[in-house]
Amino acid sequence: MIEVRGLTRTFGGLVAVDDCSLDIASGRITGLIGPNGAGKTTLFNTIAGYFRPDSGTVRLDGVDVTGLPAHALFHRGLMRTFQIPRVFDRMSVRENLMVVPPGQRGENMLAAWFAPRPVRAQDADISARADEVLTTLNLTALADARAGNLSGGQKKLVELGRAMMSGCRTILLDEPGAGVNPTLLAELAGHIERLNRDSGYTFCIIEHNMDLVARLCDRVVVMSEGRVLTAGTFDEVRADPTVLDAYFGHTGRTAGASGH
Amino acid sequence: MSLLRATGIHAGYGGADILRGAELEVAANEIAVIVGPNGAGKSTLMKAVFGLAAVHEGSITFDGSAITNHAPDRLVRGGLSYVPQERNVFASLTVSENLDMGAFTRRDDTTADRERIFSIFPDLADKRRQPAGQLSGGQRQMVAIGRALMVRPRLLMLDEPTAGLSPKFVDQIFERIAAIRDEGVAVLMVEQNARRALHAADRGFVLVNGQTRFADTGDALLRNREVAEAFLGGAGP
């Protein structure tokens, strides 16, 4: 459970996140929607430790984690993915996944030299797990390709794959759907659902694809101009006239069927 | 008669070719859309047309003349214009300056063109003196399209113009693209918002593994069960 209270983050004179309060319930999938420039990504960055808030608090499972850096939050089980994927271009796709699990034995020089066997065993383990994730994401054929050579959409999948490798149980996904083919996106949604239902993962998803939000999210938080406009089920927020105006525009009535 | 025609294209960026026999055709006054799975080569096909990916086999003609492997600056002078997927505005320049950059190759007065862009995208008119980096995603995309229109192209190429945009902006972008087509500019775009894009399109291409698997009108592709199941996320409503 993430509890955000009165979170504010400014850049010079621009108040990107303005006194935001919201809950991301454990074991649920929470959607975060709103117009471009509403501050959704900044809110993610502030929760996940990439920016320090100017004021306000973030609690993770009851513990105050306000202002902790991203790596510290990662070790507490919270991570985020990026809208524009950040892969290691010159490493293979499999290697990109294998570097994710923290605390690997081979990171210790002494262990690498004097205890090679457990290092190798763990490597084999992690490699096998990476292969499972690659299968899940239809990336097996590209396992040994240089990540820098992937298309934009394929990099998005690697980004999601790394989240799946992390062992983090609370994952903030920043536009997992943008640039992903609709057929594959439907499969991805299935994986997110399964991770949530069968393994109890908590997700918060920024997404503009309303089909995806309607399908996945128990609860949807709407942001506009740095503030939380409203929150509720997808149907509730979609019926809200202020949301219609700020976000859906005149096709709000058909947004569920509009594809992207 | 077709304005742009690409036949038997094999192209890539060094290393193995990404396109292996891609075909494409766009007539004047129409919107053509390329859809397909991730990594199929959609962006590469557009880049091959625009001289940003090396074409090793096949030919591309524009208005009847060969343009295969011509450099982008020459193609811009010839009437093609291209908006890449990311990093497509100068963030530190104002909206007006961005538009002026689009008219870099022109020597005549472009004031009227700038005003025309502001009439197509009224949102931008109020923000003409703001740095493009401060705009929201949807407005940036409008700046990028506006900049591409400043050379008065005959063919406008857009790589995923609606990726990452909120539903309201997606609607607006599709509307404006139709308006641009109606003004006589042919449009070629890559879109993952496939169902929506095919609705807007006069002509569609499904690219798979570097080859054009289906080519038909947008409506016919939407009705095609095989296309719908494999590439559009299931049968339509």
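Predicted model: local features only at pLDDT ≥ 70, side-chain atom pairs only at ≥ 80, totals over all residues.
Residues are numbered from 1 along each chain as its sequence is written, while chains are lettered from A and ligands numbered from 1 in the order in which they are written. Helices (H or I, at least four residues) and strands (E, at least two) are DSSP runs, numbered from the N terminus.

**The sheet of chain A**
- Six strands of chain A make an open sheet with mixed pairing, in the order β6-β7-β8-β3-β9-β10; strands pair if DSSP finds at least two bridges between them.
- Because β6 and β10 (227-232) of chain A each have a single partner strand, they stand at the edges, with one side of each left without a neighbour in the sheet.
- Neighbouring strands are turned by 15° against each other on average, direction ignored.

- Five of the five residues of β7(A) (residues 170-174) are buried, so the strand is largely enclosed by the rest of the structure; buried means 20 or more other C-beta atoms within 10 Å of a residue's own, with C-beta atoms placed from the backbone.
- A:Thr170, A:Leu172 and A:Asp174 point one way from β7(A), and A:Ile171 and A:Leu173 point the other way.
- Three bridges join β7(A) to β6(A) (residues 78-80), and these strands run parallel.
- β7(A) is also parallel to β8(A) (residues 202-206), joined by five bridges, and there A:Leu173 has A:Ile205 as its bridge partner.
- From β7(A) the chain crosses through helix α7(A) (residues 182-199) to β8(A), a right-handed β-α-β crossover (with the strands pointing away from the viewer, the path from the first strand over the helix to the second runs clockwise).

**Two packed helices in chain B**
- Helix α3(B) (residues 95-102) packs against α6(B) at an angle of about 35°, with the axes 7 Å apart; axes are lines fitted to C-alpha atoms, for helices over the stretch in contact, and angles run from 0 to 180 degrees between N-to-C directions.
- Among the residues that meet are B:Val95 and B:Leu99 of α3(B) and B:Val143 and B:Ala148 of α6(B); contact means C-beta atoms, placed from the backbone, within 7 Å.

**Where the chains touch**
- The contact takes 31 residues from chain B and 31 residues from chain A.
- On the side of chain B that touches chain A, α7(B) gives the largest share, five residues.

Conventions: Contact = placed C-beta atoms within 7 Å. Buried ≥ 20, exposed ≤ 12 C-beta atoms within 10 Å, placed from the backbone.
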